[in-house]
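Me: I'd like to learn how to read a model like this one, feature by feature. Can you walk me through it?

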Amino acid sequence: MGKISSLDTFFTGKTVVITGAGSGIGKGLAKTFAHFNCKLALCDIDEQALQTVVKELSVELPNYCEDNVFSSAFDVSDRAQWDDFLSNTAQQHQHIDVLINNAGIEGSCRPVWASDEQSLQRVMDVNFYGMVHGCKAVLPYLSQRPWAALLNVSSIFGLIAPPNTADYCASKFAIRGYTESLRAELSLIHPHIQVHLIHPGGINTNITRLEQSQKFKHRFLTTAPTDIAMYIAKCIMQNKARIVYGNKSGLAHFASRFFPLSWLNKISAREVKSLGLEEDYRDDHPGFTTRSNKK
Ligand SMILES: NC(=O)c1ccc[n+]([C@@H]2O[C@H](COP(=O)([O-])OP(=O)(O)OC[C@H]3O[C@@H](n4cnc5c(N)ncnc54)[C@H](O)[C@@H]3O)[C@@H](O)[C@H]2O)c1
């Protein structure tokens with residue numbers, strides 16, 4: 001309880017912007033920071049889900065002022081909408097102290113030869129470019145503050161890359177590289193802006209919408225979103241740069257640092273086999289037998 005009250009004091013009155021706040025980790029973060037009496041700016045592409053979260057906040061926290069929440073439904077991959085969102089947030093809440101680039105989608109959950117380009121493009125647009133636009137758009141606001149924090153949500157699949165995740169891993173490794181470099185850059189010019197990289201493990205959310213990812217969901221996505229949200233809040237207060245939390249995250253982090261790639265390949269291939277996704281692993285798959293005629 002002592003820790004919680006110091007978190008309370010730390011965050012009270014700060015404006016926290018959260019993307020993908022209509023579900024899962026983003027929703028957990030919105031509720032956690034509302035508990036700490038923060039002003040919130042919430043975004044999600046799913047307007048109905050976003051409105052439900054806003055309603056839940058007013059029911060669960062009757063003393064939390066309605067004016068403390070600004071929400072807007074938009075697609076984070078659209079840079080122009082980011083500018084409007086942040087400018088409206090600053091107008092309503094006067095300042096922006098924290099941005100959590102959390103919105104994200106799953107990949108095709110199939111191997112490279114069985115995935116299409118459009119799916120890869122969409123994953124990069126939302127997961128990677130959504131985060132890039134958020135960082136670029138928010139810097140003019142964060143740089144004006146005496147203290148600020150910028151958090152980007154990668155994944156344990158930004159540390160290790162098992163089969164059937166090439167598109168998702170491409171986006172999450174890209175977030176990691178971008179964030180680590182940005183962190184080093186900002187430390188030279190605006191060290192008051194904390195930059196955090198988040199690697200969630202298996203969190204029990206709605207991210208797995210495809211049929212082929214349901215077994216994965218039931219087996220691995222077990223940690224409660226509110227647990228990781230509270231951990232993230234503590235890590236912001238402690239200025240912990242890399243935040244690793246959730247089912248299998250410790251193991252993935254350790255393995256990524258100390259196991260040779262050949263071991264990682266063997267372990268992850270075994271895990272994938274147990275999910276019964278072998279259909280795409282036939283050597284007569286069209287991805288191997290159909291050549292492009294384009295010159
Ligand atoms: N759940 C996990 O196990 C896990 C593990 C590692 C990383 N992550 C990452 O955590 C983040 C949150 O995911 P989650 O698990 O809470 O999933 P979720 O699907 O429950 O929530 C994601 C939210 O983002 C929104 N969203 C999707 N595309 C958007 C867009 N273009 N613009 C705005 N909002 C958009 C969705 O509507 C949804 O409400 C994602 O970046 C995800 O990659 C999740």
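Reply: We'll go through the sheet, the helices on it, the salt bridges and the aromatic rings. Before that: this is a predicted model, where local features need pLDDT of at least 70, side-chain atom pairs count only at pLDDT 80 or more, and totals for chains, interfaces and linings use all residues. Residues are numbered from 1 along each chain as its sequence is written, and side-chain values use heavy atoms, with hydrogens and water left out.

Me: Okay, sheet first. In what order do the strands of the open sheet come?

Reply: In general, strands of a sheet pair through backbone hydrogen bonds, either parallel or antiparallel. Here 7 strands make an open sheet, ordered β3-β2-β1-β4-β5-β6-β7, with parallel pairing. β3 (69-73) and β7 (242-245) are at the edges with a single partner strand each, so one side of each has no neighbour in the sheet. On average, neighbouring strands are turned by 15° against each other, direction ignored. Strands (E, at least two residues) and helices (H or I, at least four) are DSSP runs numbered from the N terminus, and two strands pair if DSSP finds at least two bridges between them.

Me: Which bridge partner does Ala 41 have in β3?

Reply: Phe 70. Strand β2 (residues 39-44) pairs with β3 in the parallel sense over 5 bridges.

Me: Which strands do helices α4 and α6 go with?

Reply: Helix α4 (residues 79-93) packs on the sheet and touches β1 (15-19), β2, β3 and β4 (98-101), its direction making about 165° with that of β3. Contact here means heavy atoms within 4.5 Å. Helix α6 (residues 166-189) lies across β5 (148-153), β6 (193-200) and β7, at about 160° to β6. For the angles, axes are lines fitted to C-alpha atoms, for helices over the stretch in contact, and values run from 0 to 180 degrees between N-to-C directions.

Me: Next, charges. How many salt bridges does the structure hold?

Reply: The general idea: side chains of opposite charge can pair when their charged atoms come close. There are 11 salt bridges in this structure, each a side-chain nitrogen of Lys or Arg within 4 Å of a carboxyl oxygen of Asp or Glu. In one of them, Arg 145 and Asp 97 have their closest N and O atoms 2.7 Å apart. That pair links distant parts of the chain, 48 residues apart: Arg 145 is in the loop between α5 (117-142) and β5, Asp 97 in the loop between α4 and β4.

Me: Is Asp 97 buried or exposed?

Reply: Asp 97 is buried, at 2% relative accessibility, whereas Arg 145 is partly exposed at 24%. Buried means under 20% relative accessible area, exposed over 50%, partly exposed in between (1.4 Å probe, protein chains only). There is also a salt-bridge network linking Lys 27, Lys 31, Glu 56 and Glu 60.

Me: And how do I read the rings?

Reply: A pair of aromatic rings is described by the distance of the centres and the angle of the planes. The whole structure has 20 aromatic pairs. Rings of Phe, Tyr and Trp (its six-membered ring) pair if their centres lie within 6.5 Å; planes under 30 degrees apart are stacked, over 60 edge-to-face, the rest tilted. Phe 33 and Phe 36 are an edge-to-face case, 6.3 Å centre to centre with 75° between the planes, and both residues are buried. Phe 74 and Phe 85 are tilted, at 5.0 Å and 55°.
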